[in-house]
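Please read them alongside the coordinates.

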Amino acid sequence: MTLMHQDRPLDHIVVDPSTEPYWAGTRSGVLKLRRCTACGEPHWYPRPVCPFCQGDTEWVDAAGGGTIYSVSVTRRAGPIPYAIAYVTLDEGVTVLSNIVDCDLDALRIGQRVKVCFKPAEGGQMLPMFTPA
Ligand SMILES: [Zn+2]
């Protein structure tokens, strides 16, 4: 059986000043990460202080590619099944997201994916991933 993503309704997103650059990025099709200006390590989720060395951090653009670290298909949360996955970006950070626009039953750990953006309630764009 082939199941396709059906554009499940996505909750409204609250944007505050500290995350506004992130959402400005998603609106223009760019996934942004925070990277430490002292040790150079990127991290997820975005934080103002480096979780590794307490250094200052800055916004950087992720290239948008990654691999599936783990994936699970949810069929009981509502009428539309969807895939929740941890995706390890090529920058080395792992993000919790959804895999969309694909055959959910064909998703595999280690599979290459790329970022895409889906509209949420209120007009923000949410980063998700689709097979590369
Ligand atoms: Zn650091």
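1. Buried means under 20% relative accessible area, exposed over 50%, and partly exposed in between, with a 1.4 Å probe and protein chains only. By that criterion cysteine 50 is buried, with a relative accessible area of 1%, and cysteine 36 is buried as well, at 2%.

2. The model is predicted, so that local features need pLDDT of at least 70 and side-chain atom pairs count only at pLDDT 80 or more, while totals for chains, interfaces and linings use all residues. Residues are numbered from 1 along each chain as its sequence is written, and side-chain values use heavy atoms, with hydrogens and water left out.

3. The zinc ion has as its protein donors (N, O and S atoms within 2.8 Å of the metal, or 3.2 Å for Na, K and Ca; water is not among the atoms, so sites may look incomplete) the SG atoms of Cys36, Cys39, Cys50 and Cys53, which lie 2.3 Å from the ion. Along the chain these donors follow the spacing C-x2-C-x10-C-x2-C. Because cysteine 36 lies in strand β1 (residues 32-36) and cysteine 50 in the loop between β2 (42-43) and β3 (57-61), the pair ties together parts that are 14 residues apart in sequence.

4. Strands here are DSSP runs of E of at least two residues, numbered from the N terminus, and two strands pair if DSSP finds at least two bridges between them. An open sheet of 3 strands has the order β2-β1-β3 with antiparallel pairing, and its edge strands, β2 and β3, each pair on one side only. The antiparallel pairing of β1 with β3 runs over 5 bridges, and cysteine 36 stands opposite threonine 57 in β3.

Definitions and conventions:
Helices (H or I, at least four residues) and strands (E, at least two) are DSSP runs, numbered from the N terminus.
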